[in-house]
Amino acid sequence: MILHQILRLSSLFRSAVSIHLRRNIGLSAVVFNKAKELDPVQKLFLDKIREYNTKSKQAGGPVDAGPEFQKELNESLARLQRAYGEGDLTKFPEFKFE
C-alpha cells in the first residue's frame, strides 16, 4: 500500500516537473532568440536592406535609376500594351469570378 502511494506520488511529481521544464525551456528559447546578437555579415545585410527600403520610399521607385532605366521601362510597357491590350501593367490584375 505504501509502495502504491509512493509510485502514484512519483508519477504526479514527474508530470509536474515535466510541465515545468517544458514551459521553462519554451520561454528560455524565445528569450535566447531575442537576446542573441546577429553575426556581422547578417547585420550588415539587414542594414543595407533597410537603407535601400528607406531610399526607395523616398525616391518613389528604384534607387539610383538613371534616365536609361526609365526609357527602357516605358518602351517595355508600350510593347506589352500593344501585345496584351489596355490596362495598367504595373499593378496586379483583379480577377472577378461569378
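Residues are described here as buried when their relative accessible area is under 20%, as exposed when it is over 50%, and as partly exposed in between, with a 1.4 Å probe and protein chains only. The structure is a predicted model, in which local features need pLDDT of at least 70 and side-chain atom pairs count only at pLDDT 80 or more, whereas totals for chains, interfaces and linings use all residues. Residues are numbered from 1 along each chain as its sequence is written, and side-chain values use heavy atoms, with hydrogens and water left out.

The chain contains three helices and zero strands, where helices (H or I, at least four residues) and strands (E, at least two) are DSSP runs numbered from the N terminus. Along the sequence, the elements follow the pattern α-α-α. Of the 98 residues in the chain, 2% count as buried. The accessible surface of the chain amounts to about 9800 Å², and 62% of that area belongs to carbon and sulfur atoms; such areas come from the Shrake-Rupley method with a 1.4 Å probe, and for residues only the protein chains shown count as cover.

Three salt bridges are counted in the model, the criterion being a side-chain nitrogen of Lys or Arg within 4 Å of a carboxyl oxygen of Asp or Glu. In one of them, the side chains of K43 and D47 meet with an N to O distance of 3.4 Å. These two residues are four residues apart in helix α2 (residues 40–59), and K43 and D47 are therefore separated by about one helical turn. Both partners are classed as partly exposed, D47 because its relative accessibility is 35% and K43 because its relative accessibility is 43%.

Helix α2 also holds K48 and E51, which lie three residues apart, about one turn of the helix, and which form a salt bridge whose closest N and O atoms are 3.8 Å apart. E51 has a relative accessible area of 35% and is therefore partly exposed. The side chain of E51 also meets that of K55 in a salt bridge, at 3.3 Å from N to O, and K55 and E51, both in helix α2, are four residues apart, again about one turn of the helix. With a relative accessibility of 37%, K55 counts as partly exposed. Through salt bridges that share partners, K48, E51 and K55 are joined into one network.

The loop between α2 and α3 includes D64, whose phi is near 60 degrees, a positive value in a residue other than glycine. Most residues other than glycine have a negative phi. D64 counts as exposed because its relative accessibility is 76%.

Helix α3 has 18 residues and reaches 26 Å from its first C-alpha to its last, close to the 26 Å expected at 1.5 Å a residue, the expected span being 1.5 Å times one less than the number of residues in the helix. Just after α3, G85 takes a positive phi of about 95 degrees. L80 is found within this helix, which covers residues 67–84, and L80 is classed as partly exposed because its relative accessibility is 37%. Together with Y84 and L89, L80 forms a nonpolar patch on the surface, and the three residues have about 320 Å² of accessible area together. Patches are made of residues with over 30% relative accessible area and no salt bridge, with like charges joined within 9 Å and nonpolar side chains (Val, Leu, Ile, Met, Phe, Trp, Tyr) within 5 Å.

Two aromatic pairs are present in the structure, rings of Phe, Tyr and Trp (its six-membered ring) being paired if their centres lie within 6.5 Å, with planes under 30 degrees apart counted as stacked, over 60 as edge-to-face and the rest as tilted. The ring centres of F92 and F95 are 6.4 Å apart and the ring planes stand at 85 degrees, so this pair is edge-to-face. In the pair of F95 and F97, the centres are likewise 6.4 Å apart, but the planes are at 20 degrees, so the pair is stacked. F92 and F95 are both exposed; F95 is placed in this class because its relative accessibility is 58%, and F97 counts as exposed because its relative accessibility is 76%. The ring pairs link F92, F95 and F97 into a cluster.
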